[in-house]
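Please keep the sequence and the structure in view while reading.

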Amino acid sequence: MKQILDAILAGDNATLGGLDVPDHYRGITVHADETAMFEGLETKEKDPRKSLHLDDVPTPELGPGEALVAVMASAINYNTVWTSIFEPVSTFSFLKRYGKLSPLTARHDLPYHVVGSDLAGVVLRTGPGVNAWKPGDEVVAHCLSVELESPDGHNDTMLDSEQRIWGFETNFGGLAELALVKSNQLMPKPAHLTWEEAASPGLVNSTAYRQLVSANGANLKQGDVVLIWGASGGLGSYATQFALNGGAVPVCVVSSPEKAEICRAMGAELIIDRSAEDYRFWRDEQTQDPTEWKRLGAKIRELTGGDDPDIVFEHPGRETFGASVYVARRGGTIVTCASTSGFLHEYDNRYLWMNLKRIVGSHFANYREAWEANRLIAKGMVHPTVSRVYPLEETGQAAYDVHRNLHQGKVGVLTLAPAEGLGVRDEELRAKHLDRINRFRDR
């Protein structure tokens, strides 16, 4: 592994194809025999630092259509938090199901799960049938894994019957020194970004693009008023940028003055601090309070000059969904993913049905959407939102920060990269956008 890293740091990527691939590597794992470790605890009490391990694991066999990547940096997504606390189910059920598909996928069904759904790194090897990528290519990876043996996915690969999220529903993820991906997960690394910056947008940037911009999601247009929950977070920070880029009017919902300042730094003007407003959408665990929905709607109209949201960018889920359905304009769209506060949503259907609103489910992105989202990053039109970076050894703490909402934007993880700030190939483009690249730092 040291020879591989030395070659990458020296910019000698062309030699990587001739170097031996190690038969083991370090990766962040959860263990199948620990899935019951948090039983009886409330979700917030479950601690990723106890369940995420840094293990030495065997390098997987490289199959047709696959690539082995030396991972320089990765990032924390909420799916890694779910994996680490074994909610809503243990991911070993995903690996077992995938392992039954074929002799090749049986590699994934192991008593440990190497996690992580983002990476930036360098291709080391490609399997039979891979023509678009070669050893030495600097890449990022999106997290959509598909088989495409069914007709279902050939109009939109997200509809493939064997669609999975790499590093969550498959093994050999990106929080590791090596990662196994399908070649159609790979995209060019943005040349003006460091390894940790390039690794951070993948999952959330692509998810926000499909959810908000794509015709498969809300199909954002100029002038749309967009209510964005968690607008300074990992997902919402990209939605805010897309809304501003697309000529829309974001109404950013945040939970502190510090997070409000980040939204202003991105260019947003209409901001609701839900903590300061003290919205209480639930009277108790079973009962919502519609008067609080109305109070939120009045606040939105106050900020927009009387307009209701054309689009509600929903991802908190249970806590906010009733309010989201209520505040959307007549004929408006509530586009939803993730549900970090709970998966069982409740809303008053009268406000949906009688006002001709739509609820659109959105999950990650297809390769075309992910490629377009990455292209915007590479052109400096959308920027990474890294606020803090941890070494691989402290991934548990990084996941804990995300679990407890102690972070802003995205939390990065250095895997092979020995320090932050490495991997920049286009200094001129970087200098042009440096303030925007760094606006989430040290927040």
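The structure is a predicted model. According to an unreviewed UniProt entry, residues 47–413 are listed as "domain: Enoyl reductase (ER)".

- Strands of a sheet pair through backbone hydrogen bonds, and the pairing is either parallel or antiparallel.
- Strand β1 (residues 24–31) pairs with β2 in the antiparallel sense, over six bridges.
- The bridge partner of Thr-29 is His-53, which belongs to β2.

**The six-stranded sheet**

- Another open sheet consists of six strands in the order β13-β12-β11-β14-β15-β16, and here the pairing is parallel.
- At the edges stand β13 (270–273) and β16 (358–361); each has a single partner strand, so one side of each is left without a neighbour in the sheet.
- From one strand to the next, the twist averages 20 degrees.
- Strand β14 (residues 311–314) and strand β15 (residues 333–336) are paired in the parallel sense over four bridges.
- Val-312 stands opposite Ile-334, a residue of β15.
- Helix α6 lies across β11 (225–229), β14 and β15, and runs at about 155 degrees to β14.

**Helix α6 and its helix partners**

- Two packed helices are described by the angle between their axes and by the distance between those axes.
- The axis of α6 (residues 202–213) comes within 9 Å of the axis of helix α7 (residues 236–245), and the two cross at roughly 50 degrees. Because of this angle, α6 counts as oblique to α7.
- The crossing in which α6 passes α7 is right-handed.
- On the α6 side of this contact are Val-204, Asn-205, Ala-208, Tyr-209, Leu-212 and Val-213; they meet Tyr-238, Ala-239, Phe-242 and Ala-243 of α7.
- Sorted by class, the contact of α6 with α7 has nine nonpolar residues, one polar residue and no charged residues.
- How do the axes of α6 and helix α13 (residues 367–378) cross? They come within 9 Å and cross at roughly 115 degrees. The two helices are therefore roughly perpendicular to each other.
- The crossing of α6 past α13 is right-handed.
- In this contact, Asn-205, Ser-206, Tyr-209 and Arg-210 of α6 meet residues of α13, among them Glu-369, Ala-373, Asn-374 and Ile-377.
- By class, the contact of α6 with α13 has five nonpolar, three polar and three charged residues.

**Helices α3 and α14**

- Helix α3 (residues 78–85) packs against helix α14 (residues 395–403) at an angle of about 105 degrees, and their axes are 9 Å apart. This angle makes α3 roughly perpendicular to α14.
- Tyr-78, Val-81 and Ile-85 in α3 meet Ala-399, Val-402 and His-403 in α14.
- The contact of α3 with α14 has five nonpolar residues, one polar residue and no charged residues.

**The loop between α3 and α4**

- Which residues are joined by a cis peptide bond? This bond joins Glu-87 and Pro-88, and its omega is about -5 degrees.
- Pro-88 is located in the loop between α3 and α4.
- Phe-86 has a positive phi of about 60 degrees, although it is not a glycine.
- Phe-86 is also placed in the loop between α3 and α4.

Technical notes: Residues numbered from 1 in each chain as written. Predicted model: local features only at pLDDT ≥ 70, side-chain atom pairs only at ≥ 80, totals over all residues. Heavy atoms only, no water. Axes fitted to C-alpha atoms, helices over the stretch in contact; angles between N-to-C directions. Parallel < 35°, antiparallel > 145°, perpendicular 65-115°, else oblique. Left-handed = near helix turned anticlockwise from the far one by under 90°. Contact = heavy atoms within 4.5 Å. Nonpolar A, V, L, I, M, F, W, Y, C, P; charged D, E, K, R; others polar. Pairing = 2+ DSSP bridges. UniProt positions renumbered as here; feature names shortened; annotations may be inferred.
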